[in-house]
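Please open the structure in your viewer and keep the selection panel at hand. The stops below are meant to be followed in order.

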Amino acid sequence: MSQGTGGSGSRLLLLTGLLLALGLSPTSSIHVYTHREVHGTVGSHVTLSCSFWSSEWISEDISITWHFQAEGSRDSISIFHYAKGQPYIDDVGSFKERMEWVGNPRRKDGSIVIHNLDYTDNGTFTCDVKNPPDIVGKSSQVTLYVFEKVPTRYGVVLGSIIGGALLLVAVVVALVYLIRYCWLRRQVALQRRLSSMEKGKLQRSAKDASKRSRQAPVLYAMLDHSRSTKAASEKKAKGAPGDSRKDKK
Amino acid sequence: MLLLLLGIIVLHVTVLVLLFVSTIVSQWLVNGGHTADLWQNCTSGNVFHCLTSSTNEWLQSVQAMMILSIIFSVLSLFLFFCQLFTLTKGGRFYVTGVFQILAGLCVMSGAAIFTVRHTDWHQASENTSYGFAYILAWLAFPLALASGIVYVILRKRE
C-alpha cells in the first residue's frame, strides 16, 4: 500500500512539474503597437506612431516596414522600409516627398509622419517590425481618416457641460458660505461692543445691579441690530406651524 | 415626526431610482423592433445587437443633463443626512432643497432638449413612439421639484 501511494505521489509531482514548465516557458515573439484610428485634416500632417516590444536585444538587423492599403483597394503597397540602420522612404509612389521618418529603433519607436494630407490617403497603414532572432509576431494596423475639419470628439460636449455646471454650483455654494461667515463675524463684533457698553452702565449704578442683570437679556434683544430682531420674531411666528408640521404623527 | 422623515426619504429615493432607470434603460424611442435611447440603439428580432448612438452635440447635452441630475440628486441625499445631524434647531434644509430643485431642472431640460431635437440623430418614421424611460424622465421632474420644495419649507426640530 505504501508503494501504491508513493507511485501516485510521484505521478502527481510529474504532472505539476509539466504544467509549471508549460506555464512558465517564455513566449518569445515581437509585439507591435499602433493606434487603431487616426484623424487628420486635409493639408495638415499626421503622425503614425508605431512602437514595439521585443524580448531580444535590438540588433543591427532590425527591420521596420510600413505598408499602405488604400480604402476600397485590395492591394497593400510597401511605402517605407528600415534595414541595417538605414531608412528607405517612398520616393516614387503616392507618398513621394510627403513622408518623414521620425522613429528610433533603439527607443523601440518606428513612427512616420505624413505631410500634406489628401483624401486619397484614406486607408489602412500596417506597421511590421522584425528583430532577428525574434521574428514571430503580429503586425499592427492603423486606419487613417482624412476630414475637411476635425469633428468634435465624442464626450467633449458631455464633459464640458458636466464640468461647467458642477464648477458653477461649487462657486455659488462657496460664495454663499463666505458671505454668511462674514456676516456672522460682524454680528459677533457688534455683540461684543454692546456687552461692553452694558458693562459700563452696570458699573455706574450698583444698586440696580441684580435687576439690571435680569433685564440684560431683554435689553440685548431690544438693542440688537434691527435685522436680527425681525428675523427672530419671524422665526418665532413661523416656528409654531413649522414645528407642528414636523410633529405630525 | 418619524413618519414624516421616512416619507421624505422614500420620496427622495423614488426620485433617485426614476432618474437612474430612465438614464440607463434603452427605451426612449420605440419603433417596432428597434429601441433607441441616450447611449445605444438596439435592434431585436432575429439577431439582437446594439450600436452606440451618434456623436451629435444635442444628444451629448441630453446625456450631460441626465448625468448632472443624478449627481445633484445623490449629492442632495448625502447633504440631507449631513444637515439632519448638524443643523441648528429651527433651521431649514436650504442646501438639500436647492440641490434637489437643480436636479429636477436638469432632468426637465434634458427631456425637453431630447423632445425637440431627437429627429437630428434618429430618423422619425411612422410608428415611432416614446418609450417608458422617456416617460419616467418626465415623471421624475415634478417629483424632484416637489421634494426640493418640501426640503426648503421643512424646519429641523431638535
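This is a predicted model: local features need pLDDT of at least 70, side-chain atom pairs count only at pLDDT 80 or more; totals for chains, interfaces and linings use all residues.

**Stop 1: helix α4 of chain B**

Select residues 132–153 of chain B. This is helix α4, whose 22 residues reach 32 Å from the first C-alpha to the last, close to the 32 Å expected at 1.5 Å a residue. Next, colour its buried residues, among them A133(B), L136(B), F141(B), G148(B) and Y151(B). What covers the buried residues of this helix? The covering elements include α1 (2–24), α2 (57–86), α3 (94–117) and β5 (129–130) of chain B.

**Stop 2: annotated segments of chain B**

Select residues 62–81, 93–114 and 134–154 of chain B, to which an unreviewed UniProt entry assigns the annotation "transmembrane region". Over residues 62–81, the chain is 100% helix and 0% strand, with its end C-alpha atoms 29 Å apart. Over residues 93–114, the chain is 95% helix and 0% strand, and the end C-alpha atoms lie 32 Å apart.

**Stop 3: D134 of chain A**

Move to chain A and select D134(A), in the loop between β10 (123–130) and β11 (137–138). D134(A) is buried yet has no salt bridge. Which side chain of opposite charge is nearest, and how far away is it? It is that of K108(A), 8.5 Å away; a salt bridge would require a side-chain nitrogen of Lys or Arg within 4 Å of a carboxyl oxygen. Display the polar neighbours instead: the side chain of D134(A) makes a polar contact with the side chain of S54(A) at 2.9 Å and reaches the backbone nitrogen of S55(A) at 3.3 Å. Residues that D134(A) touches also include S28(A), S29(A), I30(A) and E56(A).

**Stop 4: salt bridges**

The structure holds four salt bridges over all chains. Select E60(A) and R106(A), which form one of them, with the closest N and O atoms 3.1 Å apart. E60(A) lies in the loop between β4 (50–53) and β5 (63–70), and R106(A) in the loop between β8 (99–101) and β9 (112–114), so the pair ties together parts of chain A that are 46 residues apart in sequence. E60(A) is exposed at 56% relative accessibility, and R106(A) is exposed at 53%.

Then select K130(A) and D128(A), a salt bridge whose closest N and O atoms are 3.3 Å apart; K130(A) is partly exposed at 33%. Finally, return to chain B for D120(B) and R117(B), whose side chains meet in a salt bridge at 3.2 Å, N to O. Here D120(B) is partly exposed at 39%, and R117(B) is partly exposed at 32%.

Terms used
Residues are numbered from 1 along each chain as its sequence is written. Chains are lettered from A and ligands numbered from 1 in the order in which they are written. Side-chain values use heavy atoms; hydrogens and water are left out. Helices (H or I, at least four residues) and strands (E, at least two) are DSSP runs, numbered from the N terminus. The expected span of a helix is 1.5 Å times one less than its number of residues. Buried means under 20% relative accessible area, exposed over 50%, partly exposed in between (1.4 Å probe, protein chains only). Contact means heavy atoms within 4.5 Å. UniProt positions are given in the numbering used here, feature names are shortened, and annotations may be inferred rather than shown by experiment. Lys and Arg count as positive and Asp and Glu as negative; His and the chain ends are not counted. A polar contact is a pair of N or O atoms within 3.5 Å; within protein, one must be able to donate a hydrogen and the other to accept it, and residues adjacent in sequence count only if both atoms are side-chain atoms. Lists of a residue's contacts leave out its neighbours within four places in sequence.
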